[in-house]
Amino acid sequence: MNSGWDVLLLDCRLATLGRNGEPHGAIERAALAWKDGVITYVGAQHDLPGPPERLAARIESADSAWITPGLIDCHTHLVFGGDRADEFDRRLNGASYEEIARAGGGILSSVRATREANEENLFAQSLPRARALLADGVTTIEIKSGYGLDLENELKMLRVARRISRELGIGVRTTLLAAHALPPEFNGRTDDYIDHLCADVLPAAAREGLADAVDAFCERIAFTPEQTRRVFAKAREFGLPVKLHADQLSDLGGAALAAEFGALSADHLEWTSDAGVRAMATAGTVAVLLPGAFYALRETKLPPIDALRAAGVPIAIATDLNPGTSPLLSLRLAMNMACTLFHMTPEEALRGATVNAARALGLADRGTLEVGKRADFVLWNIERPADLCYWIGGGLVRSVFAQGRAQDAAIRNRS
């Protein structure tokens with residue numbers, strides 16, 4: 001037996017999300033193989049380069065299961081202390097997001113709880129949320145800081161995010177979001193806080209290798225475009241790519257600002273102008289839409305979906321998992337919301353949670369089923385790829401693989 005490949009899966013139906021001319025990049029009666037965590041064959045079973053028993057150390061049947069790339073949640077705030085269920089109640093009784101934030105709730109409420117948690121406790125609170133995403137088919141998660149807002153606690157959050165990756169064996173990309181809100185000790189001194197962030201927090205995160213990117217919240221209740229530029233200029237000094245919470249509550253030109261710095265992504269975008277869309281298209285910046293926050297906040301201003309499509313801006317979908325405005329533990333549900341609330345097609349939503357989400361994180365090694373890509377994929381109990389958006393909830397995952405390793409045990413250990 002020639003054991004050139006580690007595993008060969010036969011009897012597959014593949015939604016490769018590649019460019020083979022078929023919807024979803026579909027290949028029926030297909031085979032999938034991998035070695036050392038990397039895909040080595042994707043294609044029709046009858047095109048295999050020899051008898052299966054001579055190609056792989058282990059041969060298995062997928063029993064006609066549909067297989068997609070592992071889902072990628074490219075915008076989360078998964079690491080945090082406590083919760084903000086009380087704010088959910090307050091919003092339902094008429095308080096706005098801005099009113100809650102200005103009264104000391106919102107992000108600052110999570111800052112207090114996160115600062116009070118030691119690293120071990122913060123990890124224990126956050127790990128079950130990552131397991132829930134994994135059980136939903138997610139094999140790569142972006143995790144932001146932003147609930148520490150000082151040197152010690154921002155680095156603590158990033159270390160916890162790195163530890164989640166090691167614990168679960170999945171991809172985690174960390175984003176420094178120290179420019180998330182003004183901490184109470186800097187009340188009335190916003191520029192001084194930006195000085196501290198640029199002089200102390202960002203350089204420390206870069207030196208310790210804890211941040212893969214830098215983000216900011218450019219909004220009336222957070223930081224101005226000029227303050228955001230200062231943060232992004234410092235990130236550029238350290239060679240770190242940037243992302244931006246842009247135009248969620250108003251149009252401050254955030255999308256165009258993100259494009260000015262060649263940002264990987266601009267996220268939210270409900271109020272983005274046509275000029276912002278054009279700037280993103282020119283810069284190659286991905287639009288990350290966050291229907292969970294739109295839903296939880298009962299927003300009515302839709303992101304400019306048609307303009308993004310017309311300009312050819314790649315559209316990604318993410319949960320925005322956070323304790324206040326999107327306590328969403330299912331990327332599949334975010335995909336459904338993208339279809340029902342934002343009028344996207346099921347194929348657009350699936351591409352938004354795979355290939356375009358990978359691009360939003362600057363990752364070229366995942367997001368599609370192609371030879372040379374990471375062997376991150378999911379076997380689903382579905383009849384067609386659109387079912388991933390059609391079914392609202394429910395356990396559709398048969399098995400999840402990250403770098404060629406089955407994650408079933410990690411999923412079963414959910415707590």
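## Helix packing and ring contacts

Helix H4 (residues 119-135) and H5 have axes that come within 9 Å and cross at roughly 50 degrees, where axes are lines fitted to C-alpha atoms, for helices over the stretch in contact, and angles run from 0 to 180 degrees between N-to-C directions. H4 is therefore oblique to H5, since angles under 35 degrees count as roughly parallel, over 145 as roughly antiparallel, 65 to 115 as roughly perpendicular and the rest as oblique. The model is predicted, so that local features need pLDDT of at least 70 and side-chain atom pairs count only at pLDDT 80 or more, while totals for chains, interfaces and linings use all residues. Residues are numbered from 1 along each chain as its sequence is written, and side-chain values use heavy atoms, with hydrogens and water left out.

The helices are DSSP runs (H or I, at least four residues), numbered from the N terminus. The crossing of H4 and H5 is right-handed, meaning that the near helix is turned clockwise from the far one by less than a right angle. Among the residues of H4 that make the contact (heavy atoms within 4.5 Å) are Leu 122, Phe 123 and Leu 127, and H5 contributes residues including Met 157, Val 160 and Ile 164. By class, this contact of H4 with H5 has 8 nonpolar, 1 polar and 7 charged residues, with Ala, Val, Leu, Ile, Met, Phe, Trp, Tyr, Cys and Pro counted as nonpolar, Asp, Glu, Lys and Arg as charged, and the others, Gly among them, as polar.

H5 (residues 151-168) also packs against helix H6 (residues 190-207), at an angle of about 30 degrees and with the axes 10 Å apart, which makes H5 roughly parallel to H6. This crossing, too, is right-handed. H5 contributes Leu 151, Glu 154, Leu 155 and Leu 158, while H6 contributes His 196, Asp 200, Val 201, Ala 204 and Ala 205.

The axes of H6 and helix H7 (residues 225-237) come within 10 Å and cross at roughly 10 degrees, and the two helices are therefore roughly parallel to each other.

Aromatic rings of Phe, Tyr and Trp (its six-membered ring) pair if their centres lie within 6.5 Å, and by this rule there are 10 aromatic pairs. Trp 34, Phe 377 and Phe 401 form one aromatic cluster. A charge sits over a ring if NZ of Lys or CZ of Arg is within 6 Å of the ring centre and within 35 degrees of the ring normal, as in the cases tabulated here.

| Charged residue | Ring | Distance from ring centre |
|---|---|---|
| Arg 129 | Phe 80 | 3.6 Å |
| Lys 301 | Trp 271 | 5.0 Å |

Key: Rings of Phe, Tyr and Trp (its six-membered ring) pair if their centres lie within 6.5 Å; planes under 30 degrees apart count as stacked, over 60 as edge-to-face and the rest as tilted.
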